[in-house]
Amino acid sequence: MTYTSFLIKIFVFLFLITSYSIAQSGGNSLTYIEYHPLGNLNPYENITLRNNNLRFQSLIYQGLFKYDFNSEEYVNVLAETHRDLRNNRFRVELKRNIYWHDGQPITSQDIVSTYEFIMNEGKLPIISDRLRNSIISIEINSATSVTFHLNDNVTVDPRFLLTQWILPHHLISTRQARQSFNRRPIGSGPYKFESLSLNGTLNLTINEKYHFKKPSIRQIRTEIMPDFDTASLRLLSRLSDLLIDVPVNRIATIDRSPDHRLEPYQSYTIHVIAFNFNNRLLSNHRLREAITIGFDRQTALEQWFGGRGRVLSGPFTPGSPYFNPQIRPRTHSQNHARQILRDLGYSDINGDGYLQQANGERLQFRLLINNSVSDAGMGMQNVVQQFQEQMREIGIQIIFQYEVTDNYDQRLMFDRDFDMALVGWSFDPTYDISYLFHSSFIRPGGGNIISYRNNQIDNLFNQFRDSNNNVMRANYMDSIQRIIYEDIPYLFLFTIDRHAAINIRFVNTLIDPIYFFSKIEEWEIIQGL
Amino acid sequence: MLENLYQEVLTLEANTMEDKIILDINNLYINFKNGSDIIRAVDGINITLYKGKTTTIIGESGSGKSQTVLAILGLTDGQPGIVSGSINFNYHNLLENIPLFKSTNKNEYKKLDKWFHNQQKIFKKIRGKEIALIFQDARASLIPYYSIKEQAWETWKKNNSNNEKLFLDRIFHLSKSLAFENIERILSSYPNQLSGGEAQRAYILLSLLGNPELVIADEPTSSLDPSTSKSIIRLLVDLSKEENFSLLIISHDLGQVLSISDSIYVFLKGSIVEELMIDDKDIILPKHPYTRFLLSMAEGKAFRELRVNKSIKRGNINTTIKGCPYANNCSLKYEKDEKFKSKCEELKPDLKKVHQGKVACWFYE
Amino acid sequence: MIKKIGYSLVKSVLNLLLSVIFICVLLALIPDITADNYALRFKSYFITAVTFNYDISLARGFYISELVIDASQKTFLLIFVTLITVIMISLVIIILESLFNQNYILQIIVTVIKTISTLPVLIWASLLIFFAFIIWNAVPVYADLESDSLWIKTLVIALPVISLSLGDGMLMDFYLKIKNELSSLNQQQWVKSLRARGISTLKHKIRSLIVPIFNLVSSKITYLISGSIIVEYIFSWQGLGFLIWQVLMTPGAKDYPLLLACCKVLLITVIIISLIRDYIDFTLNPHLIEK
Amino acid sequence: MIKAVSSKLIFGLTILLTLVIAHIVNIFYPNMFNERSARNSPPSITLFQKLLYNNPIEEIEFISNWLFLEESDNEEVTRFERKYFLNAPNRTATVNKEYNYRPTNRSNNSVIYEVYSAPPNFEFRNQEFSWIPIKENVGAHTIILEAYDQESNKTFQIEYILYVNSSFLLFGSNNRGESVFGMIVKGASWTLVPGLIACFFGVILGLFFGAISGYYNNYFSNLIDNLSIVIESIPALIIIFLASVISGFNIYVIMIFVGIVLFPSNYENIKQTVISFKKSQFVESSKEIGFRNTTILWKDIIWSNCKTKIIKQISYCFVFSITIEITLSYLQIGIQPPNISWGMLLYEGRSMLLMGGYWLTVFPSMIIILTLSGFYFVGESLSRSLNPRS
């Protein structure tokens, strides 16, 4: 017995030594943690568009314009002024005295090369296709002025197209230069690339010649952790300072730490359950309503996400300009749902707890779920289980069908082989949701996965696209939302807030929901904490 | 009258020989543990070897002869091993300060173990250099992945100088006596490339490199065919004369060793039942029924007794053994009356001097 | 001799080729809506595997060779340290056993180690994390090998090594094998005869232990690699297994050439170790020494 | 000896029987342990808690659950806490037992409390709670109090979470409030059937092909020989990883591949035995007597001599398949929710450790250890008692 206690003492002693020898991060540097490995350093050679890439890119690179999600407006970055000329021409004047990290000045040639590079060789079809469809040609007026010739059908704000990162012409024009650029990228942002290790640790240092307001953080370091537990361990032991996204069900872990602060920020992701209109039963509007009323979304949100989010009535999140707070979500009422189902003629004939159709078949639906690991995955799986339980209470059987991402995409996007599906959406600044509801997107591969067809909505979307008047556009969107609210093509669940965990020595931490570090120059450090 | 005289002469001879005693084993007991039982492998034996003489130990397998030999070199495996007794080699007791062993207590075992462990230093000094041991299967006794030359060199280095020329001279010298035709081939080959006889001779060569005073051959011919084995034994005896060492041969075949031995010890179930002295005239007068049985076996007359002897329990020697170890199979027993029979079965006979040798049998009381 | 080695070399290369084909077939079967049909995918994977024509990783900005070399160094370090640890621990236990023959506590400890080392690596890893948490209120499961302090690095390699060497019966197998070999060596006639000739047996014993130990290593290496995949994930040890897991689990990044390269490195490791095993067998095994 | 064998056998068989019972329970009474309880409740075995756990979870939860909705600096909060809450409310309540709490403060009567938000049938009279939770109330409840400080003329909102326990908390509950014991019982479903599949593909096919290619040595056996060598040289987990992704995490398909992975060793083992017996005297003599080859192979060689080996292989196969299932579930590529596997419990337990919950690591691993050793013991003791040579 004494022997074991002696051993324990030795262990404790060893621990004390180790814990004191832990090098605490501090000073003027910031270390943040990503869950997934970073992609290619060249933003246009990536094959996936993921937020972890956007975060470090926003530190190194800059675009002509920037969409500020907090103030919901476009901000000039490299562009000094812009002018919308007639005949779909858009003229941009560059700021003067702006330089790359290697000291070369930024000229209009860089902008032309960058956009040509994206359109011709960009590996992300979403971006390069969109630019190819919108931009006809780019014309150099002078060293600091370019004119974009746009297509007729461009309805979005041209500045949206011009938010792409600008890369230096002299480093992407030749293949050889591009290879070295992929290794040592050079941008115009507040931070310079220093090193990237094979396990994904990226080191950035401050750009001393930065032409705008210089941030007070001298160094930024990115570490890749595979899972939240490791990451939070690293955070709590003060080896790193910032966790980008704390899963909601793990917030309590961080919450009790005196050294860290949780910083909520708006997420542009919403979770929905899609009803397939090809299903004979689900095409019935009343049944969809019964399912919606029968599920207690508010409780689920509170139970699994601690109430850190908002139940939705329509496709827009509270942060978006088209969000209409007057449309309230339907209130949960099990009895009402039962009443609707009874009215529809479903009844429990054989007494097994589930309702039957008139022909004796059980009222059951397959729910398609993507079982790949995701950040919010754990919580959503619980919600889905709760959904299944509550549907059982009102007599509907839900059968889970878990699929890997690729099979899931295949069934959802092409085969349309599902009754219901759990889907998550993210928005871009255009808030163009027509591809989810417009009947022209019913074709395989289109975004209208539920085969929803409503002429009224089609017309409204067409008008919305054609109009340039913001007030009218908002009006169209509002009426679209009302129709959607009545039609219930989707069961809109909720949007979940995201939380970043930050060491308390960083103050005034303004967070951009997409790029995260857009306002890094505002961040301040309190020394000695 | 004549017999008395003969005895006196013998004792005289023995007295003169006593000066040249090289190995003297007194009251050696070796026990082994088998579960909770104690097996008495060697049960209080006395053996005397004289310098320059060839001595033979005869016995069936499991009679304790191999354990006796291993005990001489301190190679016994298992617990408790050597329990008591003394082994005097050149008048030095190898089993000095052996702790008194009273009971089968664990602590007693530990004491014995510790003593045996310390004693290894003494044994290590004599192994190879003073006493050499030749095993049954020579091919298995050679290291399988070294050539004979490498092994010989290792042995030479340990016992003699680092001089290679002396080493080669010695090898060529020995190879002549060992009747090797092509010593180069033997030296360069691996054990599994040799025939049985060659391997045995090679091993004899290895063991003689340390210039031992005593060579013990533990059934050196058991894995060989009769003609080869005869020649090997002949070779050993010749070498012993030539190189001037004493020879202790362990065998289970009396006929093979009869002609070459100076004295024969007959082992049965861990104890010596007869000690035969053989003079130059080759007169052999075995007294003990077991020795007689062995002798008749060697001469091919043992058909009748063989059937009787089938029931000898091999190697099953317990502390519980009472009486004569040969009592169950004794051929003399049937000629005796009931009184004798019970004595044979209950009391163990001691070695008594009868004519040239010693016999442990109640019949000769 | 050379003939034999050549034969085993040819056999190993064929073996490697077949197992690469097997892996390529499995890779081609992975559901992937953006890719070509199965036959074309298999063809492209196989050509990549055979011609070593690895390009830049699709999901990361490094060349595949760079990534794989870096990761395989870490994996091999883990496996090597584990092997050394296992052999050393089993030797120490055997020596201790021979020194304290009747020691009751030692016997109990040995029995306990034998029983608990049959548990899977996963259980060991989670229990180790648990104990580490009990003792330290923290779990050292990640270290940046470039910047973190030496203490953390040692700790971070210690935990996976312990769980790898205790899990899946690794320690028990090595212990039993070495012990059996040693006891059968002591029973061997030639060891006895060496002792009778008064020559030290240690050198010969070590030499004759090499063959069985290496045989065991080569038969255990696949298990070790499997275990290292788990351990690397649990302790965030960024080796090949971790890379494989990342490729499979990172949504949207179908970086199968990288996966293929990782698998191939592991296969080649297995093959090379079996080749070395063959070579050692031919040169050291007494039964195979030519007549 | 016989005693030791039989006690091991009984131990192992008990464990197997328990697994079978758990499996039957899962099939016929799937909702037996569905009842939820408070989240992260410690197990009712408090002994463990005292022994192993030096930061009782109560304290941590207590601190974290006090969320002061009024924005204030840290100092003010602590002052506030001291001033308005001298006694802490109980953290847990039990079904059908009255729950009482009267908030008190230092400056008596200067603070007036009101209930802002509370579960139904919650009573607040004379500044005191009284509540008898019913079965439907099991779970977590957020209770918000409004405190009006007459001195400073300020209103504060104070929120705390109250857990209502009821479920079978032998091993505590997890992050979602599910009983760990219930989850372990549910996870027992994934021990027997997957093992059987792996056994069929590994042991039975290994036996069949091993016997045939050992006895009739022809080109077919050469082919299988080479195939088994190839499979053997690939690390098992790589094949199983790929199989898991190919099958979309279908455990039955994965187990087929586990069987394939186990095939070579079993095949080789049986083949060697058959070859060694084929050369023996009794096979030749029975051939001369006139027995057919199939009879000799299956009855004389396999049935009478390979029984023990097969039993050992089967037990190892079960152990291996359970290990693989747990491992894959831990790596989240095995069994998927809503099904529950022991590996998932371990994975959850790893994150629970950070919050101080040891029970999700300790109890599942204990159960896994018991199960695996049960299979080991059964295999070992059966093969020992069936061995003709002992």
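Over which residues of chain A does pLDDT stay under 50, and how many contacts beyond four places in sequence does the model have for them?

A: This is a predicted model, in which local features need pLDDT of at least 70 and side-chain atom pairs count only at pLDDT 80 or more, while totals for chains, interfaces and linings use all residues. Residues are numbered from 1 along each chain as its sequence is written, and chains are lettered from A and ligands numbered from 1 in the order in which they are written.

The stretch in question is residues 15-25 of chain A, where pLDDT (the predictor's confidence in each residue, from 0 to 100) remains under 50. For these residues the model has 20 contacts beyond four places in sequence, a contact being two residues whose C-beta atoms, placed from the backbone, lie within 7 Å. Across chain A the average pLDDT is 82, and 92% of the residues score at least 70.

Next comes the sheet of chain A. Helices (H or I, at least four residues) and strands (E, at least two) are DSSP runs, numbered from the N terminus. Seven strands of chain A form an open sheet with mixed pairing, in the order S8-S9-S10-S1-S11-S19-S12; two strands pair if DSSP finds at least two bridges between them. At the edges stand strand S8 (191-196) and strand S12 (260-265) of chain A, each with a single partner strand, so one side of each has no neighbour in the sheet. Strand S10 (residues 219-224) of chain A pairs with S1(A) in the parallel sense over six bridges. Within that pairing, Gln219(A) of S10(A) is the bridge partner of Ser29(A). In general, strands of a sheet pair through backbone hydrogen bonds, either parallel or antiparallel.

The loop between strand S1 (29-34) and helix H2 (51-60) of chain A holds Ile47(A). A residue is buried if 20 or more other C-beta atoms lie within 10 Å of its own, exposed if 12 or fewer, and partly exposed in between, with C-beta atoms placed from the backbone. Ile47(A) counts as partly exposed because it has 16 C-beta neighbours inside 10 Å. Leaving aside residues up to four places away in sequence, Ile47(A) touches Lys123(A) and Leu124(A), together with Leu58(C) and Ala59(C) of chain C. Although Ile47(A) and Gly122(A) are 75 residues apart along the chain, 9.0 Å separates their C-alpha atoms.

Further along chain A is helix H16 (residues 455-466), which has twelve residues. From first C-alpha to last, H16(A) reaches 17 Å, close to the 16 Å expected at 1.5 Å a residue, where the expected span is 1.5 Å times one less than the number of residues. Its buried residues are Ile457(A), Leu460(A), Phe461(A) and Phe464(A). Viewed down the axis of H16(A), these buried residues fall within an arc of 100°, so they line one face of the helix; the arc is that of the directions from the helix axis to the C-beta atoms. As a general rule, an α-helix has 3.6 residues a turn, so residues three or four places apart point the same way. The cover over the buried residues of H16(A) includes helix H15 (434-437) and helix H17 (470-487) of chain A. On the other side of H16(A), Asn455(A), Asn459(A) and Asp466(A) are exposed.

Two residues of chain A deserve attention for their backbone angles. Asn508(A) has a phi near 55°, a positive value in a residue other than glycine, and Phe516(A) likewise takes a positive phi, near 65°. Asn508(A) lies in the loop between strand S20 (506-507) and strand S21 (524-525) of chain A, and Phe516(A) is found in the loop between S20 and S21 of chain A.

For context on confidence in another chain, chain B has a mean pLDDT of 74, with 78% of its residues reaching 70 or more. Residues 302-319 of chain B have pLDDT that stays under 50, and the model has 26 contacts beyond four places in sequence for them.
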